[in-house]
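I opened the model to look up a few things about its fold. My notes are kept in the order in which I checked them.

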Amino acid sequence: MRLCSALPAAALLAATVALPLSASAETLTAQEAQRFVVGQTFSYTCYEGTVGAGRILPDGSVAGTIQIRGKGNTRYVTLPAGTIMVRGESVCAKLKGIAFQPCFELEKTDKVSFRGNLAGADRLWCEFKRGGSGRTRLAERAVAPKPARAAAPSVAEDGAAAQMTAEIASEK
């Protein structure tokens, strides 16, 4: 997974140059970020145009949608348990295929929004708003508990993904 797509997928979690932060912006500690973000659905927009919606679950897994650079198809994405984690005072991501473990700086911009950027790289940011567009429903429906089974997706899952993609397309 490329860093430009990993940032919004992971930062959906957890995820500052174009727009100045308001005077009311509040830096979130890792524990505050966890309470504010986990289990909530957020829509997001990133510095290079990537958009989507999703949520981080209590086990650190991620489920949601992503449209890279705002072009092409919107894709449904899931990342496994343990992807997003609190590491000391940082919110970090463990992503397969990335040689380092990215951590994020998070600032609450109002009661329903936050801005996340890659730690030390404030030009790589995403803005997150609780709720948001109809795409949000996709992530909400994706978090239903799944029974343990073999690795291959079922026909029902493929059908549900197609139905959700159709919902997104119909809202455009």
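The entries below go from the whole chain to single residues.

**Ground rules.** I am working with a predicted model, where local features need pLDDT of at least 70 and side-chain atom pairs count only at pLDDT 80 or more, while totals for chains, interfaces and linings use all residues. Residues are numbered from 1 along each chain as its sequence is written, and side-chain values use heavy atoms, with hydrogens and water left out.

**Whole chain.** I found four helices and ten strands. Helices (H or I, at least four residues) and strands (E, at least two) are DSSP runs, numbered from the N terminus. Along the sequence I read the pattern α-β-α-β-β-β-β-β-β-β-β-β-α-α. Of the 172 residues, 40% are buried (under 20% relative accessible area, 1.4 Å probe, protein chains only). The chain exposes about 9100 Å², and 56% of that comes from carbon and sulfur atoms (Shrake-Rupley method, 1.4 Å probe).

**Helix 2.** I looked up residues 30-37 and noted that Ala 30, Ala 33, Phe 36 and Val 37 are buried. Seen down the axis, the buried residues of helix 2 fall within an arc of 125 degrees, so they line one face of the helix. The arc is taken from the directions from the helix axis to the C-beta atoms. Just after helix 2, Gly 39 has a positive phi of about 85 degrees.

**Thr 83.** Is Thr 83 buried or exposed? Thr 83 is buried, because its relative accessible area is 2%. Thr 83 sits in the loop between strand 5 (75-79) and strand 6 (84-87). Leaving out residues up to four places away in sequence, I listed its contacts (heavy atoms within 4.5 Å) as Gly 60, Cys 92, Ala 93, Lys 94 and Leu 95.

Conventions
Buried means under 20% relative accessible area, exposed over 50%, partly exposed in between (1.4 Å probe, protein chains only).
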